[in-house]
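Student: I have a new model open and would like to walk through its fold with you. Could we take it step by step?

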Amino acid sequence: MEKRLALAADAPALAALHAESFGAAAWSLAQIAESLALETTLGLVAYDGGAVQGFVLCQITESEAEILTFCVTPSARRKGVGRDLLIGAQEATRQRQAQRLFLEVAADNTAALALYDQSGFRVIGKRSAYYSHDGKTVDAVMLGADL
Ligand SMILES: CC(C)(COP(=O)(O)OP(=O)(O)OC[C@H]1O[C@@H](n2cnc3c(N)ncnc32)[C@H](O)[C@@H]1OP(=O)(O)O)[C@@H](O)C(=O)NCCC(=O)NCCS
């Protein structure tokens, strides 16, 4: 597995992967393309043999960065791809002068919560009923890590 910065040309592959991971809540191709086009966006792609296996998009605003979205294709999960992308995001945002990295995650997303905890993120807040899926609402846990 290798990593590189995301390019505008990656948008269709990233949108397909996002749909696979997030279903009805996935970003559209236009939303992914628009995010990639912003100066403030830093994207990292994990790939193997030319196929994209996962990606993370971060937004950097001066000394703070935020993970906008992050996913790994189901067939490549539990192989360390997510951890590697997260480490890459921490390194890359630090190199762009960010001092803190934030994110929001659904309180019932045990896989992501375990990974974030291992990667040095700590709970800094909660947003009640922030997500809505399958007819129910789920809180968002706000996490932050020093870079
Ligand atoms: C969260 C996600 C990115 C993790 O990607 P991944 O490549 O499978 O993660 P890794 O293989 O690097 O896992 C690292 C650690 O995270 C934890 N973890 C990952 N998946 C887990 C699961 N399903 N259940 C419990 N712990 C899990 C484990 O501690 C794991 O280490 P281990 O495999 O040595 O036990 C992936 O599950 C995913 O894309 N989920 C859907 C989208 C999503 O929820 N994105 C995050 C939104 S905030």
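Tutor: Let's begin with a convention: axes are lines fitted to C-alpha atoms, for helices over the stretch in contact, and angles run from 0 to 180 degrees between N-to-C directions. Helices (H or I, at least four residues) and strands (E, at least two) are DSSP runs, numbered from the N terminus. This is a predicted model, where local features need pLDDT of at least 70 and side-chain atom pairs count only at pLDDT 80 or more, while totals for chains, interfaces and linings use all residues. Residues are numbered from 1 along each chain as its sequence is written, and side-chain values use heavy atoms, with hydrogens and water left out.

Student: How are α3 and α4 oriented to each other: parallel, antiparallel, perpendicular or oblique?

Tutor: Helix α3 (residues 81–95) packs against helix α4 (residues 110–118) at about 50 degrees, and their axes are 11 Å apart. Angles under 35 degrees count as roughly parallel, over 145 as roughly antiparallel, 65 to 115 as roughly perpendicular and the rest as oblique. The pair is therefore oblique.

Student: Which residues of α4 does α3 meet?

Tutor: Contact means heavy atoms within 4.5 Å. On the α3 side the residues are Gly82, Arg83 and Leu86, and in α4 they meet Leu115, Tyr116 and Gln118.

Student: Which strands stand at the edges of the sheet?

Tutor: Two strands pair if DSSP finds at least two bridges between them. Here 7 strands form an open sheet of mixed pairing, in the order β1-β2-β3-β4-β5-β7-β6. Each edge strand has a single partner, so one side of it is left without a neighbour in the sheet; these strands are β1 (2–5) and β6.

Student: What is the bridge partner of Glu66 in β5?

Tutor: Strand β4 (residues 64–72) runs parallel to strand β5 (residues 100–106), and 3 bridges join them. Within β5, the partner of Glu66 is Phe102.

Student: Which residue in the hairpin of β6 and β7 takes a positive phi?

Tutor: Strands β6 (residues 122–133) and β7 (residues 136–146) pair in the antiparallel sense over 8 bridges. The hairpin has 2 residues between the strands, and the one with a phi near 50 degrees is Asp134.

Student: Is Asp134 buried or exposed?

Tutor: Buried means under 20% relative accessible area, exposed over 50%, partly exposed in between (1.4 Å probe, protein chains only). With a relative accessible area of 74%, Asp134 is exposed.
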